[in-house]
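Subject: Structure for your review

Dear colleague,

Please find below the structure that I promised to hand over. My notes on it follow directly after.

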Amino acid sequence: MANYYSDHPEIGFYLNHPLMKRIVELKEKGYEDKDKFEDAPVDLGDAIENYRAILDITGDVAANIIAPNSESVDLEGPHLENGRMIYASKTFENLDATRKAGLHGVSMPRRYGGLNLPNAVFSMLSEVISAADAGYQNIWSLQSCIDTLYEFGSEEQRQKYIPRVCAGESMSMDLTEPDAGSDLQRVMLKATYDEQEGCWRLNGVKRFITNGDSDIHLVLARSEEGTRDGRGLSMFIYDKRQGGVDVRHIEHKLGIHGSPTCELTYKNAKAELCGSTRLGLIKYVMALMNGARLGIAAQSVGLSQEAYNEALAYAKERAQFNTKIIEFPAVYDMLARMKAKLDAGRALLYQTACYVDVYKGLEDIERDRKLTPEEKQELKKYQRLADAFTPLAKGMNSEYANQNAYDAISIHGGSGFIMEYKCQRLYRDARIFSIYEGTTQLQVVAAIRYISNGTMLANIKEMLETLEVSEALQPLKERVEKLIPVYKDALNYAKELGNQDAFDFLARRLYDMTAELVMSLLILRDATKAPELFLKSANVYVRMTEEDVLGKASYIKNFKAGDLDSFKVCECACEA
């Protein structure tokens, strides 16, 4: 029987990540739950076995329930009835299966009914479910919104809402509005305090809300009358049981049809303040979005895996000119690149997730006691790394998912353009990944300060210095090492242009180069530990990086600030 976890040992490999011991130690707080909860681990080995068991259950559900339902869900999609969103019929089967398997509230502490899983393992679960159906992964993974409520809500709110999510109730984050997409400072949904009822009331419209008719919503709204910027925004909790919110429209989308994207009308809806006023965008949404971006990175890796699987299977079976097409250099080059991007992107995903786990674990401990000076330094170190790596993981993996889905169709040829083949759905589903939760261009904006100030160059140098590779991989490590001064020179040249527009224009190339160097070093590390899984991908990915870094460096070094005019659209041409 198929299993989307055990069939891909590359996923389980990351349970042995170098940081996993520290992550488990922090997450389990010295294994304090072992005497309170029967399923709590007693040591590191026990914790890892628990993770494997949960992943195996998820792999089974994904392969044998969610994946078989995916075509029906894609064709039916959700629909609107009397102001309520109704899922596709097979989505209800998926929800029933993941609830019965206990796969909700997985990151929450056991005292609330959760599984107390770290982000790295949650990302693995997301990857596995996304491979089965990226649209359902959207619905399922939004349970991670509860992390923000856990982090910033009151204990009363935790007791009230977290057990409901652990029992399988759904969540959404209601941020976007018709006039506030990427620029969330423009959010105008109005929050007013009702003195008589002792609660907040929400009025306005939200648009493009994933799973918008969920049970529990986190809502960004303007609580400070007369303000027009982010400082007037606060975060609220809306409980569907209270009423006051209707679904006005469900978007008809290119892909992820099973994931309902709703337009909502708030009419005097009762809500609770989460945390403090005025920090909604500045603090809480940033935390919410970073979690969501890691989730999209995992979603992207899952779909990339499925696209590669489909392409590989077809290439092995399809014959032309009396030869299986997998024997054609043009085809196996494409497949090799798909696998290399998949493996390198996965390495970046779990490196980032582990950085997040360390600093989030320390933050959680800080709620109970003061951190030692050493722990405070550790927290700052890993928070900086997580902030720098998250936009790389989201941006690169979402782009790779798009590229792999595109190449899967190419390998299928004309069949790839036929609706009966899965690769067309993967292609449609993937397109949103580099758009929602911040476009790739916005990931570049988020990452570029860590690139321009030398943080990422220092990280790359440190990774290189501490990287021990096998003798077989030493030549590849040396090739990466030779690229670092090329990258440094290109970065310095872009900065020395002294023109912000020119630097912004070149930023995407610097971003790509940075991420590719990081992923090259990560895949070399992994190939040394598990050559049977990653050796081929390491060979291919380093060559791809070499090709790309040298090409982009040449482009940057030959660029002049005055060249920008060549790229600007002529107004007279537009008018014509």
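To what does the accessible surface of the chain come, and what share of it belongs to carbon and sulfur atoms? The accessible surface comes to about 24,300 Å², and carbon and sulfur atoms account for 50% of it. Please bear in mind throughout that this is a predicted model.

Overall architecture

The chain is built from 18 helices and 11 strands. Its radius of gyration is 24 Å, close to the 25 Å that the globule rule gives for 576 residues, so the chain is as compact as a globular protein of that length. The C-alpha trace spans about 70 × 60 × 60 Å along its principal axes. Of the 576 residues, 57% are buried. Among contacts between residues at least 6 apart in sequence, 75% join residues at least 24 apart. As to charge, there are 70 positive and 85 negative side chains, and the centres of these two sets lie 3 Å apart.

Aromatic pairs

The structure holds 20 aromatic pairs. One of them is formed by Y112 and Y150, whose ring centres are 6.3 Å apart and whose planes stand at 75°, so the pair is edge-to-face. Y112 lies in the loop between helix 4 (89-100) and helix 5 (119-132), while Y150 belongs to helix 7 (residues 145-152), so the pair ties together parts that are 38 residues apart in sequence. Both partners are covered: Y112 is buried, with a relative accessible area of 3%, and Y150 counts as buried at 9%.

A second example is the pair of F433 and Y436, which is stacked, with 6.4 Å from centre to centre and 15° between the planes. F433 is buried at 0% relative accessibility, and Y436 is buried at 12%.

Which residues of helix 6 are buried? They are A134, G135, Y136, Q137, N138, I139, W140 and S141. Helix 6 (residues 134-141) is thus mostly covered, with eight of its eight residues buried. These buried residues pack against helix 3 (44-76), helix 4, helix 5, strand 5 (199-210), helix 9 and helix 12 (422-430).

Helix 7, which carries Y150, is also mostly covered, with seven of its eight residues buried. The buried residues of helix 7 are C145, I146, T148, L149, Y150, E151 and F152.

Leaving aside its neighbours within four places in sequence, G275 is in contact with F152 and Y284. G275 is found in the loop between strand 9 (261-274) and helix 9 (280-317). At 29% relative accessibility, G275 counts as partly exposed.

N82 and E437 deserve a separate note. N82 has a positive phi of about 50° although it is not a glycine, and E437 likewise is not a glycine but has a positive phi of about 55°. Are these two residues buried or exposed? N82 is exposed, with a relative accessible area of 79%, whereas E437 is buried, with 18%; the cut-off for buried is under 20%. Each sits in a loop: N82 between strand 1 (79-81) and strand 2 (84-86), and E437 between helix 12 and helix 13 (440-452).

The surroundings of R84

R84 is found in strand 2. At 25% relative accessibility, R84 counts as partly exposed. With which residues is R84 in contact, leaving aside its neighbours within four places in sequence? The contacts are H79, D213, K240, V245, D246 and V247. R84 and S537 are 453 residues apart in sequence, and their C-alpha atoms are 47 Å apart in space.

Yours sincerely

Methods. Residues numbered from 1 in each chain as written. Predicted model: local features only at pLDDT ≥ 70, side-chain atom pairs only at ≥ 80, totals over all residues. Heavy atoms only, no water. Helix = DSSP H or I, 4+ residues; strand = E, 2+ residues; numbered from the N terminus. Rg over C-alpha atoms; globule rule 2.2 N^0.38 Å. Buried < 20%, exposed > 50% of the residue type's maximum accessible area, 1.4 Å probe, protein only. Contact = heavy atoms within 4.5 Å. Areas by Shrake-Rupley, 256 points an atom, 1.4 Å probe, with all protein chains shown as cover. Lys, Arg positive; Asp, Glu negative; His and termini not counted. Charge placed at Lys NZ, Arg CZ, Asp CG, Glu CD. Phe/Tyr/Trp six-rings, centres within 6.5 Å; stacked < 30°, edge-to-face > 60°.
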